[in-house]
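Thanks for coming. I'll talk through one interface today, and then one residue in it. Please have a look at the sequence and the structure first.

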2 protein chains.
Amino acid sequence: KASGGNLVQQVESPKVETESLQKECDCLRKIVDKQQKKIDQLCSQVKSLEAEVVQEEGTGQALKEEAQRRENALEQLRLAVKELSVQNQDLIEKNLTLQEHLRQAQPTSLPSADT
Amino acid sequence: KASGGNLVQQVESPKVETESLQKECDCLRKIVDKQQKKIDQLCSQVKSLEAEVVQEEGTGQALKEEAQRRENALEQLRLAVKELSVQNQDLIEKNLTLQEHLRQAQPTSLPSADT
């Protein structure tokens, strides 16, 4: 298996191969470290974004509830305006009727006073 | 440098070491692949969450603008209710005055008719 010159080569080759593999391992270990840092940073970013989404959803929900309250208030005011308008109209007509009666009930005034 | 028995050892040791390093490299390469998949998955998750945040912010903004419009409408209706109430009150008082004048203008009625 071993002959003089070839034996030296056989001892040398594995040594070169070993060094080469050692370098590759070191390189791979550096990549693993770098990637782990990247993973940690991305995990942190994900947590932060998830919290942001929750916060924005909360804000949106609060705004929707507020919108519903305002809508109810608007509805009540619209009804109030309607009722007051009807009352107003009714009072105006009653006023006109009373004015007419008053005119008729004042017999001392000349007919031309109507103008 | 090389003697018979020790030479075999010297050829064997680097070979064992080489195999050991080879295994370590294989192992590290697997870790690198696994980490890369994790990084890709996290990057995708970050993109997705960023889009969600943008969407929620947009919804929130639209709701705020709607809230402002409703607030303006509420303000206008409150003013309308105020004005109509004032008009109503004014018409009610005018009505009472006219009724009083009418009562006074009907001289043929007996004093007791007031009750």
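One term before we start: a residue is called buried when its relative accessible area is under 20%, taken with a 1.4 Å probe on the protein chains only. Keep in mind that this is a predicted model.

Let me begin with the contact between the chains. Chain B puts 54 residues into the contact, and chain A puts in 54 residues.

Now the polar side of things. There are 4 salt bridges between chain B and chain A. One of them joins the side chains of B:R70 and A:E71, with 2.6 Å from N to O. Counting polar contacts, we get 11 residue pairs between chain B and chain A, with both residues at pLDDT 80 or more. As for the residue classes, the side of chain B that touches chain A is made up of 27 nonpolar, 14 polar and 13 charged residues.

Is B:N88 buried or exposed? Its relative accessible area is 4%, which is under 20%, so B:N88 counts as buried.

What does B:N88 contact, neighbours within four places in sequence left aside? The partners are A:L84, A:Q87, A:N88 and A:L91. With A:N88 there is also a polar contact: the side chain of B:N88 reaches the backbone nitrogen of A:N88 at 3.5 Å.

Terms used
Residues numbered from 1 in each chain as written. Chains lettered and ligands numbered in written order. Predicted model: local features only at pLDDT ≥ 70, side-chain atom pairs only at ≥ 80, totals over all residues. Heavy atoms only, no water. Contact = heavy atoms within 4.5 Å. Polar contact = N/O pair within 3.5 Å; in protein donor to acceptor, adjacent residues only side chain to side chain. Nonpolar A, V, L, I, M, F, W, Y, C, P; charged D, E, K, R; others polar. Buried < 20%, exposed > 50% of the residue type's maximum accessible area, 1.4 Å probe, protein only.
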